[in-house]
Amino acid sequence: MPAIESAEVLVTGAGRNFVTLRLRTSDGVVGLGDATLNGRELAVASYLRDHVAPLLVGRDPARIEDTWQYLYRGAYWRRGPVTMTAISAVDVALWDIKARVAGLPLYQLLGGSSRLGCRAYAHASGRDLPELFDSIRRHLELGYRAIRVQAAVPGVEATYGVAPGGAPYEPATRGTAPVESRWDTGAYLRFAPAMLHAVREEFGPALPLLHDAHHRLSPSEAASLARSLEPVGLLWLEDVTPVEDQTALRLVRSSSTTPLAIGETLNSIWDCQVILAERLVDYIRVSVTHAGGITHLRRIMALAELYGVRAGMHGATDISPVGLAATLHLALAIPNFGIQEHMPHAPATEDAFAHAYTFENGDLHPGDAPGLGVELDEVAAARHPYAAAYLPVNRLADGTVHDW
Ligand code: CS2
Ligand code: MG
């Protein structure tokens, strides 16, 4: 019986910071898992190196479910982003190994493809409406058929989701402390509906549009925004309220028919149990990287399916190519796929991670290479060392810390 022979944790700053777990078996099969937790990368690297790698060596790589339960129940301390990102990386690396041994792309082990490709949405943004319209046009020319729309709120410096002058958006900034931004909910609520109505007017009724409120509103503020956006006909309105308060969505849901999405920071099925069972959203955004890997995401998506909720999995740049590939294999296979977020990675990231997944005519496809279809080029990765980077901290005008 082959055994796991080594478990290495590789940290790189190729394009941005990424943590990758590489498992190698006694018969020479290698599997990769994404262990990147934006702004807290080294905590997961240590969890894996100091507490998980020693337990993996000698184990049977084929026993994926048993290893998942061993790490989850066996730690006693359950859930949480650090633990679940570490378990995810192990789980994905084991699925990669199993599929490579079978000589099949991972989606074949998950039931085979349920669709031709996974429709992706792009991020368009602008510092004003003309810049936003240009950004939407550019993404439509690239082939995207669904667009997330964010724009700078007049009077609010550094609005969430707005790229600096055409450059790709990346919220984490390098340095020894987070950048601090200022937030004004009133200004946002006066601006956002007008901005989204203007986009709808300019681009016509058929283009699927999305918008992210990034956890900043109270239930009544969120309900009133969702209601005012009904005529815009969004594909979804994302993260209207802070996500750990699952029942906050009840008021929003009962007040409006605007479709809702939430979940990129959730990391277990228990965190979305109420949201799903009460049908409080239309799309659930948990990621393979942060919510327990393929093994656990499959359960969450099966529960979601029961309640008519579809997958809209997180795909920001801090999901590495390894994490994105894992997401796409699952997305291609499950019956209740909705749409996949896509923020292309930086050239240095693409150099370090060769991947079989493709983007064509607005769709992502995981490709047909065995396993995940991702190879890590250690030399290219090592050219870019890790450097501390943080997500911003958000404050109100009077200095109170607010949700970012
Ligand atoms: C976002 C992310 O993709 C999204 O919808 O909310 O940009 C998020 O802010 C980052 O992934 C944080 O790591
Ligand atoms: Mg988001």
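In this predicted model, helix α6 gives the largest share of the lining of the largest cavity, namely four residues. That cavity has a volume of about 90 Å³, and the structure holds one cavity of 30 Å³ or more. Its lining is made up of 15 residues, and those closest to the centre are Gln150, Thr159, Tyr160, Tyr188 and His211. Besides α6, strands β5 (147–151) and β8 (209–212) each give two or more residues to this lining.

Helix α6 also takes part in an aromatic pair. Phe203 in α6 (residues 185–203) is linked with Phe133 in helix α5 (residues 129–141), so that parts of the chain 70 residues apart are joined. The two rings lie 5.7 Å apart, centre to centre, with 85° between their planes, an edge-to-face arrangement. Phe133 and Phe203 are both buried.

This is one of ten aromatic pairs in the structure. Another one brings together Phe18 and Phe353: with ring centres 5.8 Å apart and planes at 80°, this pair is edge-to-face because an angle over 60 degrees counts as such. Phe18 belongs to strand β2 (residues 18–25) and Phe353 to strand β14 (residues 353–355), and 335 residues separate the two in the chain. Phe18 and Phe353 are both buried. Elsewhere, Tyr121, Trp236 and Tyr283 are linked by ring pairs into a cluster.

Rings also meet charged side chains. The charged end of Arg216 is placed over the ring of Trp183, at 4.5 Å from the ring centre. In a second case, Arg59 lies over the face of Tyr70, and here the distance to the ring centre is 4.3 Å.

Next comes the metal site. Which residues coordinate the magnesium ion (ligand 2)? Asp212 (OD), Glu238 (OE) and Glu264 (OE) do, at 2.0 to 2.2 Å. Along the sequence these donor residues follow the spacing D-x25-E-x25-E.

The largest pocket has a volume of about 1,100 Å³. Its lining consists of 40 residues, of which Asn38, His215, Thr265, Leu391 and Trp404 are the closest to the centre. The elements that give two or more residues to the lining are helix α3 and strands β19 (393–396) and β20 (401–402).

Helix α3, one of these lining elements, spans residues 81–102. From the first C-alpha to the last, the 22 residues of α3 reach 31 Å, close to the 32 Å expected at 1.5 Å a residue. The helix is mostly covered, with 16 of the 22 residues buried. Just after α3 comes Gly103, which takes a positive phi of about 70°.

Other positive phi values fall on residues that are not glycine. Most residues other than glycine have a negative phi. Arg79 has a phi near 65°, a positive value. Arg79 is found in the loop between α2 (64–72) and α3. With a relative accessibility of 35%, Arg79 counts as partly exposed, because this value lies between the limits of 20% and 50%. Ala158 is another such residue, with a positive phi of about 50°. The loop that holds Ala158 runs between β5 and β6 (173–174). Is Ala158 buried or exposed? Its relative accessible area is 61%, so Ala158 is exposed, the limit being over 50%.

How values were computed: Residues numbered from 1 in each chain as written. Chains lettered and ligands numbered in written order. Heavy atoms only, no water. Donors = N, O, S within 2.8 Å, 3.2 Å for Na, K, Ca; no water. Phe/Tyr/Trp six-rings, centres within 6.5 Å; stacked < 30°, edge-to-face > 60°. Buried < 20%, exposed > 50% of the residue type's maximum accessible area, 1.4 Å probe, protein only. Lys NZ or Arg CZ within 6 Å of the ring centre and 35° of its normal. Expected span 1.5 Å × (residues − 1). 1 Å grid on protein atoms, 1.4 Å probe; cavity = no way out; pocket = protein on both sides within 12 Å on 5 of 7 lines; lining within 4 Å. Points joined across faces, edges and corners; volume = space filled by probe spheres on them.
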